[in-house]
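Okay, thanks for making time, everyone. I'd like to walk you through one model today, so let me put it up on the screen.

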Amino acid sequence: MALSKLDNLYRQVILDHSAHPHHHGHLQQATNEIELRNPTCGDVLQLEVAVADGKISDVAFSGDGCTISQASASMMTDAVIGKTPAEAEQMVQVFSEMIIGDKPNLDLTVLGDASILEGVAKFPARIKCATLAWKALNNALTGDDGKGMAHLLSSHEE
């Protein structure tokens with residue numbers, strides 16, 4: 001019974017982030033930006049990041065997508081503001097490992113609300129949806145061409 005109540009709470013947080021996304025829109029002065037698409041379900045995400053004084057000072061996203069992709073993007077933006085690009089890249093790694101269920105003893109506290117998306121690992125068709133914003137963040141910060149970290153996320157999405 002308690003697990004059911006916890007699941008309902010998590011569902012409500014996901015629905016709230018999707019219906020009322022944080023940092024949705026555009027930045028006046030982004031230093032990094034990228035658009036990624038999930039051809040499987042049609043999600044499209046534009047991500048804009050502002051890095052100042054060695055930290056992510058602001059981030060915004062726009063585009064259309066399913067509840068999971070929009071909620072994940074909202075949670076990701078909350079979690080990375082104030083972090084260095086290196087810290088954010090580490091968060092992408094933790095999120096990726098969490099969402100594919102690779103390592104059971106991860107410190108998920110670094111992800112903030114996004115840690116509640118851990119259950120997506122039970123739904124392989126939704127992994128691409130959940131990782132889209134995180135993959136976009138990594139690519140925007142590193143100028144990644146889709147190999148490196150993006151390849152790590154993609155290899156588990158098939």
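Let's begin with Thr131, which sits in helix α4 (residues 127–142). Helices here are DSSP runs of H or I with at least four residues, strands are runs of E with at least two, and both are numbered from the N terminus. Before I go on: this is a predicted model, so local features need pLDDT of at least 70 and side-chain atom pairs count only at pLDDT 80 or more, while totals for chains, interfaces and linings use all residues. Residues are numbered from 1 along each chain as its sequence is written, and side-chain values use heavy atoms, with hydrogens and water left out.

Back to Thr131: is it buried or exposed? Buried, because its relative accessibility is 1%. The cut-offs are under 20% relative accessible area for buried, over 50% for exposed, and partly exposed in between, with a 1.4 Å probe and protein chains only. The Thr131 side chain reaches the backbone oxygen of Ile127 at 2.9 Å. Then there's Ser72, 59 residues away along the chain, with its C-alpha 7.5 Å from that of Thr131.

On to the strands. Strand β2 (residues 43–52) has seven of its 10 residues buried, so the rest of the structure largely encloses it. On one side of the story, β2 pairs antiparallel with β1 (residues 32–38) over seven bridges; a pair of strands needs at least two DSSP bridges between them. Asn38 stands opposite Asp43 of β2. That hairpin has four residues between the strands, and Gly42 takes a positive phi near 90 degrees there.

β2 also pairs antiparallel with β3 (residues 55–64), this time over nine bridges. Ala52 has Lys55 in β3 as its bridge partner. Between these two strands there are two residues, and Asp53 in this hairpin has a positive phi near 55 degrees.

That's my tour; happy to take questions.

Definitions and conventions:
A polar contact is a pair of N or O atoms within 3.5 Å; within protein, one must be able to donate a hydrogen and the other to accept it, and residues adjacent in sequence count only if both atoms are side-chain atoms.
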